[in-house]
Amino acid sequence: MKKIILYSTCLILLASSCKKGFLDLAPISDTNTVNFYRTAEDMRNAVNAAYATLQSNGQYNAALYAIGEVASDNTEILDAQSGIDISQIDAFTTITNNGMLSSMWNAHYKGILACNAVIDRIPAVEMDETLKAQYVGECLFLRSLMYFNMVRTFGDIPLVTKEIVDVQEGYAYPRTPQADVYAQIIADLEQATATLPNSYGSADIGRATAGAAKGLLAKVYLTLQNWQEAANQTKAVMDLGIYQLMPTYASVFAIANKNNVESLFEVQYKKGGFGLGSPFNNAFAPRLSGQIVTTIGAGGGQNQPTADMANTYEAGDQRRAASMADGYQDGGKFVAVRYITKYLDPAPFDAGDADNNWPVLRYADILLMRAEALNELGYTPNGEAFELLNSIRKRAGLVARSSTELGDQESFRTALEHERRVELAFENHRWFDLVRTGRAVEVLRAKGIAIKDHQLVFPIPQTQIDINPDVLKQNPGY
């Protein structure tokens, strides 16, 4: 079956418990007890299991849009019945036992564990050395992605880079300073870029590539405000000659165009009753809309665009209609409730079983990151940064910006912030963009959102602290 790599449900990491609290600590300490890492096919299945963790509620199924979008000014939760945990994140009333944050912590460390198991065990397996290096590169990319999402969300976090086979050892990992976590991410991605292929045959489309690793590395450097390296890595992606913008914005997200030429990396989903379909068709539809929006199953009322988001699009911006709607038609009545349309499946298999992938890295993001890095290195009137910005705007049906209206570095920054918001809307970037630019508190407070200074990071799940209080300490303010 094509693309079986990313649709595998082979959850090979089976837990066993020998101490009270171990299951809670499992994200760090859990290890595979099945001794089957013997052949190339075994390792392929193990890599598949690492990819499969991306599809959990603690990763891209729910937690990452709760942080990346709901915590920002892009989306909101209009009905508490859509979930108390995500409502807390929306209102910045998050408590330390928030279930979504606990799920995020657990899911990411289970994914990291899966990657560590492959990296540690594959040297002993007799198999093609090129394929072996590829599998290691894929797991380094996945581990980097997971650590990047975690360090941006929680700040200092335990850094585990080996498979832990002794349960007791799991209790010895304290929170590692962010700088050290980022150093590990960079080292892993540098190795991944050197070993991953630029592309795959049709059966393996969706695996991490060298372009994906370079793109993620660029985002890491942008987050660290290392503008020169961010510029270098985005240029390296462009120089591959593989990626380009799709002709229209809507075509980027069409199910028929999954893994298109604009895509560097997507979380793969496949509908059909396999347990591998995406949930967003139902999750993002308005509550109480029945099957009018979803065509099957109820709407969850998650991640609904704010009025501010709806109003931020310029007149004529084609991205608005492709990204969101202002309501739906219920017979002869129009129900005015905003919802995301970017992930609708016109023919889902069942409720929560749609075919939409989740875009993690797109070429449009690469172009905007390079424009930002170049502007920070030195404003140039109508220079390359303008060309990159305008290539995005042209596809959206908008007029070009010039140095006549954006006459200095600060005005270009403001224009770029807006462009990133509308181009990458509902793709989990907005919160992280506001935090890394130091704009989160200012922007959100100006819009009446009651964020406190310490809430730029989220609380460490209390369950983790309770079972390991001597090692794990809570973020200040929680």
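**Helices, strands and the nonpolar core**

Tutor: In this predicted model, helix α8 (residues 178-195) has 18 residues, which at 1.5 Å a residue should span 26 Å; the end C-alpha atoms of α8 are 26 Å apart, in agreement with that expectation. The buried residues of α8 are Val 181, Tyr 182, Ile 185, Ile 186, Asp 188, Leu 189, Ala 192 and Thr 193. These buried residues pack against two other helices, α7 (129-154) and α9 (210-223).

The largest nonpolar core has 124 residues, of which Phe 141, Phe 265, Trp 358 and Trp 431 touch the most other members. With 13 residues, α7 supplies the largest share of this core. In soluble globular proteins, nonpolar side chains tend to be buried together.

Trp 431 can be followed through its contacts. Leaving aside neighbours within four places in sequence, Trp 431 is in contact with Ile 67, Gly 68, Ala 71, Ser 72 and Phe 92, among others.

Two strands deserve attention next. Strand β2 (residues 263-267) is mostly covered, with 5 of its 5 residues buried. It pairs with strand β8 (residues 358-362) in the antiparallel sense, over 4 bridges. Within this pair, Val 267 stands opposite Trp 358 in β8, and Trp 358 is one of the core residues that touch the most other members.

Helix α17 (residues 409-423) has 15 residues and should span 21 Å at 1.5 Å a residue; its end C-alpha atoms are 21 Å apart, which agrees. The buried residues of α17 include Phe 412, Ala 415, Leu 416 and Val 422. Also on the list of buried residues are Ser 411, His 418, Glu 419, Arg 420, Arg 421 and Glu 423.

The cysteines require a separate remark. A disulfide is a covalent bond between the sulfur atoms of two cysteines. The structure holds 0 disulfides. For Cys 115, the closest cysteine sulfur is that of Cys 139, at 4.6 Å, which is too far for a bond. Cys 115 is buried, with a relative accessible area of 0%, and Cys 139 likewise counts as buried at 0% relative accessibility.

Two asparagines in loops have positive phi values. Asn 303, in the loop between α12 (280-283) and β3 (304-305), has phi near 60 degrees, a positive value in a residue other than glycine. Asn 303 counts as buried because its relative accessibility is 0%. Asn 382 lies in the loop between α15 (363-377) and α16 (384-395), and its phi is about 55 degrees, although it is not a glycine. With a relative accessible area of 44%, Asn 382 is partly exposed.

These parts belong to a protein of 20 helices and 8 strands. A compact globule of 478 residues would have a radius of gyration near 23 Å, and the protein has 22 Å, which agrees. Its C-alpha atoms fill a box of roughly 60 × 50 × 50 Å along the principal axes. Buried residues make up 59% of the 478 residues. Of the contacts between residues at least 6 apart in sequence, 70% join residues at least 24 apart.

Conventions. Residues are numbered from 1 along each chain as its sequence is written. This is a predicted model: local features need pLDDT of at least 70, side-chain atom pairs count only at pLDDT 80 or more; totals for chains, interfaces and linings use all residues. Side-chain values use heavy atoms; hydrogens and water are left out. The expected span of a helix is 1.5 Å times one less than its number of residues. Buried means under 20% relative accessible area, exposed over 50%, partly exposed in between (1.4 Å probe, protein chains only). Contact means heavy atoms within 4.5 Å. Two strands pair if DSSP finds at least two bridges between them. A nonpolar core is a set of buried Ala, Val, Leu, Ile, Met, Phe, Trp, Tyr and Cys residues joined through side-chain atoms within 4.5 Å. A disulfide is a pair of cysteine sulfur atoms within 2.5 Å. The radius of gyration is taken over C-alpha atoms; the globule rule is 2.2 Å times the number of residues to the power 0.38.
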